[in-house]
Amino acid sequence: MTSRSSEPKRKEPARGAGKERLHAGHEDNRGRSLGFHAAGQPITKGSVKPYMGARGHAIPDDPRLAAWEQTMAWSAKAAMARAGLRPYDCPVRVSAEFRLPCPASPAFRVPATAADKDKGGGDLDKLLRALGDALQSAGVVRDDSRISDYRDCIKRYADDKHPMGVTVTVTPLGKEDEQ
């Protein structure tokens, strides 16, 4: 029979101890927001091609997607480093303004057609899917499931004052926002 006296005693967490973790200060960067701009042509994350290789991966339909996600991730990482922020491990709100290429004769004043991506097309939800994955791969959020609120997310055409790309703000949700 072995004695367990050499093992340290584990202290049980107090009831409800996990709740203060969300607002302890580090997980939400003490309420500070992150803002950044990623230059380039926004690419949607939509359809995939099944690939039956060794691991059975799905390959994005658009080969430019990986480069766009990497551009967003690098821009986000650089902004986090400049601001001295840590990865958000709390519910966050993401606001984004995507600037897309303007076709020669657009049907609307804003991108709202199923035109080719090269001509300013693309679904907003698929642009946001790529952004969420880039925020996770950059370590801005521990997991893209932390994005609880997409607010003020819009598509606009690029122009001389607003180049192609995306301008993003990530804001931790406070206790009042979580209700």
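**Figure 1. Lys126, at 25% relative accessibility, counts as partly exposed, and this view shows Lys126 in a salt bridge with Asp123.** The model is a predicted one, in which local features need pLDDT of at least 70, side-chain atom pairs count only at pLDDT 80 or more, and totals for chains, interfaces and linings use all residues. Residues are numbered from 1 along each chain as its sequence is written, and side-chain values use heavy atoms, with hydrogens and water left out. Buried means under 20% relative accessible area, exposed means over 50%, and partly exposed lies in between (1.4 Å probe, protein chains only). Asp123, with a relative accessible area of 41%, is likewise partly exposed. The closest N and O atoms of Asp123 and Lys126 are 3.9 Å apart, where a salt bridge requires a side-chain nitrogen of Lys or Arg within 4 Å of a carboxyl oxygen of Asp or Glu. The structure holds seven salt bridges.

**Figure 2. Lys45 and Asp133 form a salt bridge, with their closest N and O atoms 2.5 Å apart.** This pair links distant parts of the chain, 88 residues apart, since Lys45 lies in the loop between β1 (34-39) and β2 (48-50) and Asp133 in helix α2 (residues 124-137). Helices (H or I, at least four residues) and strands (E, at least two) are DSSP runs, numbered from the N terminus. Asp133 counts as partly exposed, at 25% relative accessibility. A network of salt bridges links Lys45 and Asp133 with Glu69.

**Figure 3. Glu97 and Arg99 meet through their side chains in a salt bridge of 2.8 Å, N to O.** The two partners fall into separate burial classes: Arg99 is buried, with a relative accessible area of 11%, whereas Glu97, at 25% relative accessibility, counts as partly exposed. Side chains of opposite charge can pair when their charged atoms come close.

**Figure 4. Asp28, in the segment before β1, is buried yet has no salt bridge.** The nearest side chain of opposite charge is that of Arg30, 6.7 Å away; Lys and Arg count here as positive and Asp and Glu as negative, while His and the chain ends are not counted. The side chain of Asp28 does, however, reach the backbone nitrogen of Arg30 at 3.0 Å.

Figure 5. Asn29 lies in the segment before β1 and counts as buried at 7% relative accessibility. Asp152, by contrast, is found in the loop between β5 (147-150) and β6 (154-157) and is exposed, with a relative accessible area of 61%.

**Figure 6. Helix α2 is viewed with the elements against which its buried residues pack.** The 14 residues of α2 reach 20 Å from the first C-alpha to the last, close to the 20 Å expected at 1.5 Å a residue, the expected span being 1.5 Å times one less than the number of residues. Its buried residues are Leu127, Leu128, Ala130, Leu131, Gly132, Ala134 and Leu135, and they pack against β1, α1 (65-83), β4 (92-100), β5, β6 and β7 (165-172), with contact meaning heavy atoms within 4.5 Å. Just after α2, Gly139 takes a positive phi of about 80 degrees.

Technical notes:
A polar contact is a pair of N or O atoms within 3.5 Å; within protein, one must be able to donate a hydrogen and the other to accept it, and residues adjacent in sequence count only if both atoms are side-chain atoms.
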